[in-house]
Every structure is written in C-alpha cells, then in structure tokens.
Amino acid sequence: MTTCTTCPYCGVGCGVLAQPDTPVSGDPNHPANFGRLCSKGTALGDTVGLEGRLLAPRLGGKDVSWDHALGLVAEKFLAAIRNHGPDSVAFYVSGQLLTEDYYVANKLMKGFIGSANIDTNSRLCMASSVAGHKRAFGSDTVPGQYEDFEQADLVVLVGSNTAWCHPVLFRRLEAAKAARPNMKIVVIDPRRTATAKSADLHLAIAPDGDAALFNRLLAEISRRGLINQEYVDAHVEGLGAALEAAGTPHPCGLPEDEIAQFLDMWCSTEKVVTLYSQGVNQSYCGSDKVNAILNCHLATGRIGRPGMGPFSMTGQPNAMGGREVGGLANMLACHLDLENAGHRSAVREFWAAPRMADKPGLKAVDLFQACADGKIKALWVMSTNPAVSMPEADQVAEAIRTVPFTVVSDILAGTDTNKCCDLLLPATGWGEKSGTVTNSERCISRQRPFLPTPGEARPDWAIIAEVGRRMGWAEAFDFANEAEVFREHAALSGVAAHQGRDFDISGLADLSDSDYDALAPTVWPVPADGVSPKRFFAGGGFYHADGKARMLAITPPVLADHGTALRLNTGRVRDQWHTMTRTGRAPQLGAHLAEPYLEIHPEDAARIGLEEAGLAEVKNNHGRALLRVLVSDKVRAGECFAPMHWTGETASQGRVNALVTGVVDPVSGQPALKGSSVGVTPYVAGWYGFAASAAQMSPARPYAAVARTKTGWRAEVAGHKLPQDWEGEARQILNLPDGEASVVEDAARGLVRVAIHRGPVLAGVFFAGPAPVAVARSASVDQIGREIAPLQVLAGVPGADQPAKGAIVCACMDVGREDLRRAIAGGANTIPLLGECTGAGTNCGSCTPEIQELLDSTSNQRMAAE
Ligand SMILES: Nc1nc2c(c(=O)[nH]1)N[C@H]1C(S)=C(S)[C@@H](COP(=O)(O)OP(=O)(O)OC[C@H]3O[C@@H](n4cnc5c(=O)[nH]c(N)nc54)[C@H](O)[C@@H]3O)O[C@H]1N2
Ligand SMILES: Nc1nc2c(c(=O)[nH]1)N[C@H]1C(S)=C(S)[C@@H](COP(=O)(O)OP(=O)(O)OC[C@H]3O[C@@H](n4cnc5c(=O)[nH]c(N)nc54)[C@H](O)[C@@H]3O)O[C@H]1N2
Ligand code: SF4
Ligand SMILES: [Mo]
C-alpha cells in the first residue's frame, strides 16, 4: 500500500509516495512539488535502514529500560529546578521535529518548568527573518505563495543557492522561465553558485553588502517616483526615516553598471519576488538585511499580490512549524509574544499552566555559553547535532560535556553530539513517525508512517509528554496520540487569533483522528469561522497595534576587513543534508562530493602556495580543519567557501564549525555563520591515499574522509610518517584484518598499491603515494565484492568492460563526469540529448546546472582549439 507523506529535508516540503522496500516517488497531487523530487528526496528509500540506529535508551554506553531512562530525566530535571531554579535547565530542539513534538516540548518548558530556556537550531537558520518580519509586520508572517515565483516577471534570489538547497522550487522557477522567457532571474551571492549559473544577472556582492544594495534600491525607487503613496499612506509608517537613511550610499562591492542594471530591472518590473535565505539571515547584520529588503516591497506596495512580495525561504522541513508553536526562546506559542502580559495570561489560562515563563530564555549561542559557565545543570537536545552545527563547535562540544546531566533524543547512536551526552533516547524517524510539518509557503502537510517502529524507539512527542507526566503534570501531558496534540495546538491558535495574531488554524481544532490522518496539504490561516485569503498584506492588515507596517531606517554596516586572513563562507552541497546522519547513508548521494573541501580563488591559492587537490590547513583561534583544495574563481579573491556537512563520524578534521565564529546579530541572536576570519596554509602530508573497502572504515588518520558506496565504503586519507609496514597500514585503514593481501611497491616513486581478497573476491583496495593519488575512484569502488584478479585491481584503472565514470554529477541516475564527457564527445551537445544518452538530469534535474557547465566548458575548449 502506498502512503502519502512529506519529505523530511528542506523547507520546500514536497509530497512523497512511499512504501516499504520500494523507491519513493513524488506525490503528483502535492501542491509543493506536483510529483517532482530532488536527488535527496529520491534517495529517501536508501536512508531508512536500521544500520547505526539507536534502538533502546542508553545510559553511559549501556542499554537501559524506558522506565529507568524517563524516570532519570524527570528526576534530574526536577532536582536541578529545585536546587537551582527553572532557568538552570534547558532544551535545545530543532526545525526537524514535527509540530506535535515541538508543541509538547515548548509547553513543558514555558508553561510548566517555567523557563523559556528552549531554543532551537532555527536560531542558526531563521531567527533574523523572524526578527525582520516582526519589526516590519508586527508578526512573523510570510505573505506569499510558491505560485508567486511562477507568476513573477522578476525573481531576485538573495543569499540563496536555490538550485542546490531548494531544488524543486528552483525547478518550478526554471519551468516557469522556460514557458515565459521574458521572466528574469537575478542572483545576489558573493559566490558563483549553481543557482547563479542559471541567472540572467549574477551580482557577486561583497559579503554583507546586501543592506547597502537594497538601500540603494529604496533610494532609486523614490528617485523614480515609484513610491506607492496610496499604499504607504494607508498602511505603512516610517517611510521618511527609511529614505533618509537610504539617502547616503554605502559600498556593496559591485561595479556601478551592475548596480544600475539591477535597480533598473527591479524598478521597471511590477511583479517582483525577492527570495532570501542564509546569505541574508546568517550574518551579524541579518535582521537589517531582511528589513532593507522588506522596505523596498512595502514602499512599492508590492506585497501579498500574485507574483509579488518578499519571501523568506525556510530551510528545514518544519522550520515554519517551529515558529508557529513558539519554539524560539523569545517567542511564546502560536505567534504570541512572551513579553506581552496579555498574551502570557491567555496562554497560561489555556494550558492551566502552573508556572509561566515571563522573560525570554537563552538564545542558542548564549545557551551553550551558559552550559560552559556551569549555569545549566540539565540539558536535553532533540533532533539536532549541535556539536557539529553550532559555531565554535569544539567549545560547544566541550560545553555540553560540562553540563552535569545531558540527554539527547536522536534516531542514531553514533552522532558527534551523542558522544558528549549521558543518556541517549531512541526516537522514531521519518517513515515511522506521524505528525505535521509546515513548509515555506505556510502549507501544513502530514508526515505519515509506512514502516514499523524499530526496536524500542518512540515518537519525540510521546517521550516528552511522558517526562512531563513524570515531572508531576499528568493531566497537561496526557495526550493519547499526535492528533490530540494537534487539536490542542489548533485550539490555542484560536486563542491567539482572538489576541489579534496572524497564525490561526482553529478551523482544524475539531478534526477527528481519522480527519487528521486524512488531512490534505492545507495553507494557513484556517480560521474556525469564514475563509481567509492565501496571501497576506495586499490590503494592509499588519499586526502592529495600529494595523500598519513599519519601514526601518537601515544603516548598512562597514564591510568587514579580514586583513591578511580570508573570509570563510560556509553552506551546503547539493546531495548532503547537514551533518549527513541520513544522506550520508545513501551511496548515490556520497558520490557527488565525497570529501570536505575548501573552495579558494586562484590568486589566493597561488599566493598561499596551495595546489589543486592538495590539502589546506585552515585555522583561527577557535579551531582547525584540514580540507581538500578546490581552486576556483567561483569564489571572490579574499574569500573561501567550505561546506558544513562533515563531522567526526565522516572526517578526521572536516568539522568546519570548529572555525566558525559565534558572533551574532544583535537583534535576532543569529550567528554570522557565513563570515569567519581564517588563516589558510598548505598542509604537506608525508603520503596521500585512497581506499575502497567492503568493511566500514573510520576516519582515523591526520586527514581522512569516509563515505558510503554501493559496495561498502571509500576513504580519502593522508598521513605524516611513511608507514614501515604498508600492508598493515592498508589493513587498518580498510578495516580488513583478514584476507589475502597482494602488495605492489614502487620504492623509487614511493607508490604503493594493496589489494585484499577473500578467496577470489576483492574485499578492499588501497593506493598511496607521495602526492594525491590519481586513480579511477569509481572503478575501484565498483570492483569491491567482485571476483577480480589482483593484477587488474592494482593497475588502478577500470577494466575494458568498465569505463571510468568520474565524479558523480547525476546522483539519481548514477551518471559521472566522465560518462558525460564521453557523451558530449559523441555529439550529445544539449541537456536533453545528454539525458537521452546517459539518463543524466532526467529525474530530479538538480544536476542540470552542472551539466550545463560541463557543456559550456567543453564548447569553450573546442572554441579555443579552433
Ligand atoms: N542540499 C541541501 N539542501 C538544503 C540543506 C542541506 O543541508 N543540504 N539544508 C536546508 C536548510 S536547514 C537551509 S537553512 C537551507 C539553506 O539554503 P541556502 O541559504 O540557499 O544555502 P547556503 O548554502 O547555506 O547559503 C546560501 C548562499 O549564501 C551565500 N552568501 C554568503 N554570504 C553572503 C552575503 O553576505 N550576502 C549574500 N547575498 N549571500 C551570501 C553563500 O555563498 C551561499 O551560496 O537549505 C536547506 N536545503
Ligand atoms: N557553518 C555553518 N553552520 C551551520 C549552517 C551553515 O550554513 N554554516 N547552517 C545552520 C542551519 S541553517 C541549520 S538548520 C543547522 C542544522 O544543523 P543540525 O540540526 O545540527 O543538523 P542535522 O544533521 O539535520 O541534525 C539533525 C539530527 O537529528 C537526528 N534526527 C533525524 N530525525 C529525527 C527524529 O525524528 N527525531 C529525533 N529526535 N532526531 C532525529 C539526526 O540523526 C541528526 O543527528 O546547522 C546550522 N549550522
Ligand atoms: S526539494 Fe528535495 S529535499 Fe526539498 S522537500 Fe523536495 S525532495 Fe525534499
Ligand atoms: Mo537551516
């Protein structure tokens, strides 16, 4: 039987059709994706196996009963509260919890424990957007809908690598542009990303130059007489001050002609959507960037109408739901304000809460600082991996260890955060759990189970509710099922609506269990009486007391000077999700980019003495990382980029957040994850190697990065001292103590090749040399588990029957760079032709920017040769 559910990755929130032991497919009826999925969604079936799962509560490394585990949590939290007060405990939760989980956690902390020390990884993600929305609109409201992207004539993507991070929305945008070629796309990003590649105009802005650019835009809007005076008079305050601040131009690092082009496009197009994401939010001036963007839409009244508006793209599947339940330390519930006494008493009454929090709690960075300072006596981490994803991650891991009692709820046993915690609680994961998520366009969708519950795992909401009961609040946490939690949340939103808030789903408060099970994707608001339009603010109706929006006077920051250091920008790659605990298990997703890397401009690389494919040591006073060098003019000189995904599980020194600064935006408390100062030097290893094994390898050399493959595991390694015994070294790295070894050493060139067979079957292969080794990696990986002669293995080249694939470009159809090059040489010179020959790009299409790049570079080479 097929189950309709929702993808657990990005905020696009695609509908998925799933059943056990079958590849998933896109739900043609879901309004977010209409059947499309990206590479990560397509690979979901490969990530739900039980390998590495946490299947029972574990205390100090030993399995314990739920009764013991939950009793202990209740006891330790109660003891801390008794001895040190409610603010001595904290929850750190996640936009990957379902709304029901999130609601119960927030209720327990804010209404019953009586502290607001619950913060979420959304602090690292959406906090600046939330703050910007609240300042401008009086509420955290996303006015628009996805269809606005299709209806717009100009789409501006600011600090968003949509092609990789929200691929299905990007595909919808591409399709709309193909249908209406006059539609224009502008990308504002210091890096030339895959998204920028498809844009009509790419503005490689100076980091944090965004507020200056949007101030320029506001001034130009005014200069051209494009202020929508009628709208502003009726619905907006603050125009004068905003214009005055925008009157003084500040540098944004762009040439004047490019600025002029952008201003002209924006001013001369009425239907414009400005989407923004982490290049805006994750900055020391993120909230101001948000308001500089909102100012332009408010001044022109281009908001809440079809094809128009600002659009803050959410990252996680339930980032939006988390904001609805009030999961941030400075929010209450249902978009009510913690600092508003009226709101607090309404919630107190609804919850019959014994002890309401009455002041904001600690925001993520401060929360972990309080852990380090010994102020937090009990900490519960749920569905997030802060030892990897928080800035200054080494210090955060240490801070977690400092807390006397730490609990983590996760689906997996071995995460970096779990290693710092006392008690591990096994949660049910995607495919097993049931509840709702809200995507970027405010659409609530069901996640439905289609797999049995593994081991003793329990749903997050049920774990939290049981702790609530054991702490003494039996009635308040007596939820029979997730539908009951949802109904309570929906009913509370009705209370919020009476307080004049935007978030109202009271129309869903009476769903029966079976209605809830069958709930179709639903865009809020859903008031109990009457209908609401899908978009907000076309006719005003803002949530400040006077019903008006606010334009803010924004003073752009002085752009940071990193001196002789480089500015480290961080972000995502196409086929991995955050700390890779799930995507890292799908072999096809690890084949696109298999190592932690540093993208660096050719000028800087030359100055520093870095070579392509060599290793870079990246350092500052927070920490250190060793990363593979990728020389590229896609980054600006003086800047470098590294992905955030590698952890202690997958790399020996690839945790980039060890280097990332904990400086925060003063308004939102969101850290500036895109702007750290680092020193970069070449790391010269004694030897470099590549290994493919049937056994699980661990990253245990000075440099090592391991990834899952179809045949087992692969690893890139490097070491200091030349091993005396290469066979022993190879066996250790390959994790193959037994089996027959064949070793070839070329002492003169320092090259070593080791193959390990079990009978006729190849179990592992290892290549090492004094420089990064050039072997056909995909071919070696493919040979594992096959009957193949040692000599052929040790040649390090694919057999005649297996042409080299090269690095995987199309993860869905398993097509490599070399496959594509051969097809291009054979005459397939367009994306559709390449799709026909190789299959590449024919499933999710998120690799099409890379295929296009390969086509362009091949035709450039051809032109140069002619
Ligand atoms: N493949 C994949 N997709 C994901 C995720 C994932 O882990 N993997 N995670 C999801 C989550 S939680 C999130 S929050 C989203 C994030 O989605 P995005 O925000 O699109 O992704 P990032 O790569 O973090 O950063 C976006 C871009 O900001 C640019 N940038 C850096 N500094 C500046 C600046 O000062 N100004 C401007 N204009 N741009 C700047 C960076 O160069 C980068 O290309 O992705 C979601 N989707
Ligand atoms: N340098 C840098 N750092 C960043 C960012 C950046 O751009 N640059 N981006 C930031 C952003 S936007 C985000 S959103 C964060 C993301 O960072 P994290 O939230 O730390 O990353 P994940 O790997 O998604 O962690 C989710 C954890 O929950 C577990 N899990 C999965 N499903 C369930 C479940 O149903 N229940 C429970 N209890 N656990 C589950 C997973 O195994 C995993 O351990 O990273 C932030 N950090
Ligand atoms: S775009 Fe991809 S990751 Fe995002 S929800 Fe859709 S399938 Fe999942
Ligand atoms: Mo995020």
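# Helix packing and ligand shells in a predicted model

User: Within what distance do the axes of helix H9 and helix H14 come, and at roughly what angle do they cross?

Analyst: In this predicted model, helix H9 covers residues 210-223 and helix H14 covers residues 286-300. Helices (H or I, at least four residues) and strands (E, at least two) are DSSP runs, numbered from the N terminus. Axes are lines fitted to C-alpha atoms, for helices over the stretch in contact, and angles run from 0 to 180 degrees between N-to-C directions. The axes of H9 and H14 come within 8 Å and cross at roughly 15°.

User: Are H9 and H14 roughly parallel or roughly perpendicular to each other?

Analyst: Angles under 35 degrees count as roughly parallel, over 145 as roughly antiparallel, 65 to 115 as roughly perpendicular and the rest as oblique. The two axes cross at roughly 15°. H9 and H14 are therefore roughly parallel.

User: Which residues of H14 does H9 meet?

Analyst: Contact means heavy atoms within 4.5 Å. From H9, the residues involved are Asp210, Ala211, Phe214, Asn215, Leu217, Leu218 and Ile221. They meet Lys289, Ala292, Ile293, Asn295, Cys296, Ala299 and Thr300 in H14.

User: How many residues of the contact of H9 with H14 are nonpolar?

Analyst: Ala, Val, Leu, Ile, Met, Phe, Trp, Tyr, Cys and Pro count as nonpolar, Asp, Glu, Lys and Arg as charged, and the others, Gly among them, as polar. In the contact of H9 with H14, 3 residues are polar and 2 are charged. The number of nonpolar residues is 9.

User: Is H9 roughly parallel or roughly perpendicular to H11?

Analyst: Helix H11 covers residues 239-246, and its axis comes within 8 Å of that of H9, with a crossing at roughly 115°. That makes H9 and H11 roughly perpendicular.

User: Which residues of H11 meet H9?

Analyst: On the H9 side, the contact uses Asn215, Leu218, Ala219 and Ser222. By class, the contact of H9 with H11 has 6 nonpolar, 2 polar and no charged residues. The residues of H11 are Ala242, Leu243, Ala245 and Ala246.

User: How many residues surround ligand 1?

Analyst: A residue is near a molecule or strand if one of its heavy atoms lies within 4 Å of it. The closest to ligand 1 are Asp189, Asp208, Ser277, Arg572 and Gln576. The number of residues around ligand 1 is 35.

User: How far is a polar side-chain atom of Lys674 from an oxygen atom of ligand 1?

Analyst: A polar contact is a pair of N or O atoms within 3.5 Å; within protein, one must be able to donate a hydrogen and the other to accept it, and residues adjacent in sequence count only if both atoms are side-chain atoms. A backbone N or O atom of His578 lies 2.9 Å from an oxygen atom of ligand 1. For the side chain of Lys674, the distance is 2.8 Å.

User: Which helices each supply at least two residues of the shell around ligand 3?

Analyst: The shell around ligand 3 includes Cys7, Cys38, Lys40 and Pro167. By class, this shell has 8 nonpolar, 2 polar and 1 charged residues. The helices are H1 (39-42) and H7 (167-179).

User: How are residues, chains and ligands numbered or lettered, and which atoms and pLDDT limits apply?

Analyst: Residues are numbered from 1 along each chain as its sequence is written, while chains are lettered from A and ligands numbered from 1 in the order in which they are written. Side-chain values use heavy atoms, with hydrogens and water left out, totals for chains, interfaces and linings use all residues, local features need pLDDT of at least 70, and side-chain atom pairs count only at pLDDT 80 or more.
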